[in-house]
Amino acid sequence: MGNGYWQIVLRVNLTTGEISKEKVAESIWKKYLGGSGYGAKVLYDEVGPDVAPYDAENRLIFAAGPLQAAKQTGAAKFTVISKSPVTGIFGESAAGGTWGASFKAAGYDALIVQGKAAKPVYLQINDDDVEICDASKYWGSDAYDAADGILGDCGLEKASICTIGQAGENKVAIACIVVDKHSFAGRCGLGAVMGAKNLKAVVARGSKATPVYDAEKLKGLNKDINKSIHDNTKDWLRLHGTPFVEIGCDQAGDTPTKNWQLGGWPEGAEKLGVPAYTDTLEAKPHACSSCVVGCHRDITVAEPQEYAMKGPGPEYESLGMLGNNCLMDDVKALSKMNDLCNRYGVDSISMGSFLGFTMDLLEKGIIKPEDIGGVDLKWGDKENMIRLIHELGMKKPGFGELFADGIVPAAKKFGPEAEELAPHVKGLDLPAHDPRAFFALAVNYATGSVGPHHERGNPQVASGGFLLPEAGVSEEVDRFKMEDSEYVAAKYQDYGTLTQAICHCKFMFFGGYSLTNMLETMNALTGWDWSMEEMLRTAERIFTLQRMVNVKYGIDRKDDKLPAAMFKASEDGGRAGKAPHDFEEALDRYYDLRGWDNTGIPTHATVSSLGIE
Amino acid sequence: MAKITVKLFASLTKFKPSHAENASFEMTVSPGDTVKQLILDLGMPPEKVQVISVNHQIVKSDCQLSEGDLVNFFPTIAAG
């Protein structure tokens, strides 16, 4: 009888070429689950503060979770973890596609890559056969072309592939990992860590079924859960994808507008959101493996020629960052920008942040066009936005080199005024949800393990009725309330931590997936017979371990802060006159709740009670 | 009279009529009634209704209802 784990970790040393398979005891999986939980354990144990993100000694972990044994809707996810070149701290990002399921079916729970290859390589995992292969002829290719070429060379049926584009090769800090030309481990610069290791791609193909504890029980759960989630999402997430939320988020004052300066942009949101998006781009659903939702979009832009493209369409985050944040309302041009980000392999959230920030600095006269290679970038200037995406993707002199290490080093070059306008926490650009529209995001962004993240805690959805009654959030939350915002932030962080560790898609939550569904699934998979309390305690353990990784890298209360703009209310829009307040008091309460001291460091008692070793 | 199907999402589910077992239910309206009238009949604050779709087409609240319509009401969903 199984437990949803192989209890085997594949380790590849690219410096020596050594490939090994390590047995990892069930007790470790029970404590850290997999995904970003297991990744945090590896970073804590193996990557010290003196290891820089691009050093050979940094680890790059691709981790599945128990859910990949379940074949349940939402179980396509896997997580990539490393010390981030954007922040220098714990970095992780999740993706879908079919890679996680294929890798798990090859007989492994996680892959640890260390060292640096002497020349470009790719890793081929085909069940028990693991090879390091020459990728020289693909170095310089974009992420899509590399995927086609390498999969063609492998000749493996039903294989899945993670690739990087030129941005990763060039160590552009916001480089992402591209999965099956369709899904993206976008945040934290993990593609640049691949590039630093001369690792162009990881191919996975598997033919094994992971043994589980109670297959019949799981089958029944899957049937009910899949039907319920399909019924609850088919009229919006399946029909329109995440662009469905664009207009509502703008109206709520939630979408960053003009480098976070304005409270809304309804005329722009109307052109970017649905139904315009779906109609203009001929958008169709695209599902990850096992998924009944299909929230991703396949789109086609036939004309004008300069924006022609076919493939994955922009998500809400890309609309918000490349659109509203830059006052750019042409959804076809935005689709082209998004496609370029995908092919070069850069995070479209940070890309939109860099562009909006640069427009702001130019308008305010803090920098001049010659500071970015002679480009006079104006708000909504789509042609120059496209030009600058090319330049960053290829790390060209000017804008490309300026932002190659992230927004903080770029801002520092232009002095305190620029630094104050840079929208980041711990070096990671804010995503497209505004703490002034949902106050619980303030504490969430300030304390998130990777920096500000809209899904590693998504407390903003508690105001829309997506609740966590099993964790104590049983009533709709007033979005402008600081009191208890720390509690809401912590509970949604814990939920996000669980999904990242078991490797499940957070969007199932919007179809009604509950913590009870998760618990029943976990018990059917593992036979651990957990109570809800034990599962939630595991989330706290993992989140605290991630904090300990960051503490080891020098993080404490001084870093748990927000950009000054997040405390300035706008005069118009859906959050006019509102901004988070009494933030330090909320942070004090949050630390108390977490069992961290007033400098933001987990106490010995907390670490001991959580059983962190 | 026209029989329609209504489905409420997320935080709007609390406005389901007492006769409804869940957030998807049938109702009878007068031909020519608008969505706005339906929102009022259900007791939903109009400002809480962010997106309305009728037969999967996104519409404004002045849309007139007909026999067999499927009407979905969504609040602001700050997801994605």
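Helices (H or I, at least four residues) and strands (E, at least two) are DSSP runs, numbered from the N terminus. The model is predicted: local features need pLDDT of at least 70, side-chain atom pairs count only at pLDDT 80 or more, and totals for chains, interfaces and linings use all residues. Residues are numbered from 1 along each chain as its sequence is written, chains are lettered from A and ligands numbered from 1 in the order in which they are written, and side-chain values use heavy atoms, with hydrogens and water left out.

A:Arg456 sits in the loop between α19 and α20 (485-502) of chain A. A:Arg456 is buried, at a relative accessible area of 12%. Buried means under 20% relative accessible area, exposed over 50%, and partly exposed in between (1.4 Å probe, protein chains only). The side chains of A:Arg456 and A:Glu92 are joined by a polar contact of 2.8 Å. Such a contact is a pair of N or O atoms within 3.5 Å; within protein, one must be able to donate a hydrogen and the other to accept it, and residues adjacent in sequence count only if both atoms are side-chain atoms. With neighbours within four places in sequence left aside, A:Arg456 touches A:Glu92, A:Ser93, A:Ala94, A:Tyr492, A:Gln493, A:Gly496, A:Gln500 and A:Lys506. Contact here means heavy atoms within 4.5 Å.

Helix α19 (residues 440-447) of chain A packs with helix α23 (residues 583-594) of chain A. Their axes come within 10 Å and cross at roughly 65°. Axes are lines fitted to C-alpha atoms, for helices over the stretch in contact, and angles run from 0 to 180 degrees between N-to-C directions. α19(A) and α23(A) are therefore roughly perpendicular to each other. Angles under 35 degrees count as roughly parallel, over 145 as roughly antiparallel, 65 to 115 as roughly perpendicular and the rest as oblique. The crossing of α19(A) past α23(A) is right-handed. A crossing is right-handed if the near helix is turned clockwise from the far one by less than a right angle, and left-handed if anticlockwise. On the α19(A) side, A:Ala442, A:Val443, A:Ala446 and A:Thr447 meet A:Phe583, A:Ala586, A:Leu587 and A:Tyr590 of α23(A). The residues of this contact comprise 7 nonpolar, 1 polar and no charged. Ala, Val, Leu, Ile, Met, Phe, Trp, Tyr, Cys and Pro count as nonpolar, Asp, Glu, Lys and Arg as charged, and the others, Gly among them, as polar.

Helix α12 (residues 316-323) of chain A has 8 of its 8 residues buried, so α12 is largely enclosed by the rest of the structure. Among these buried residues are A:Tyr316, A:Glu317 and A:Met321. The buried residues of α12(A) pack against α9 (246-251), α10 (266-272), α11 (276-280), α13 (331-344), α14 (348-363) and α15 (382-393) of chain A. With α13(A), the packing angle is about 105° and the axes of the two helices, α12(A) and α13(A), lie 10 Å apart. α12(A) and α13(A) are therefore roughly perpendicular to each other. A:Ser318, A:Leu319, A:Leu322 and A:Gly323 of α12(A) meet A:Val331, A:Leu334, A:Met337 and A:Asn338 of α13(A). The contact of α12(A) with α13(A) has 5 nonpolar, 3 polar and no charged residues.

Most residues other than glycine have a negative phi, and most peptide bonds are trans. The bond from A:Val274 to A:Pro275 is cis, with omega near 10°. A:Pro275 lies in the loop between α10 and α11 of chain A. A:Glu303 and A:Pro304 are also joined by a cis peptide bond, with omega about 0°. A:Pro304 is placed in the loop between β14 (296-301) and β15 (309-312) of chain A.

A:Lys71 has a positive phi, near 60°. A:Lys71 belongs to the loop between β3 (60-63) and β4 (78-83) of chain A and is exposed, with a relative accessible area of 54%. The phi of A:Lys426 is near 60°, a positive value. A:Lys426 lies in the loop between β16 (424-425) and β17 (428-429) of chain A. A:Lys426 is buried, with a relative accessible area of 14%.
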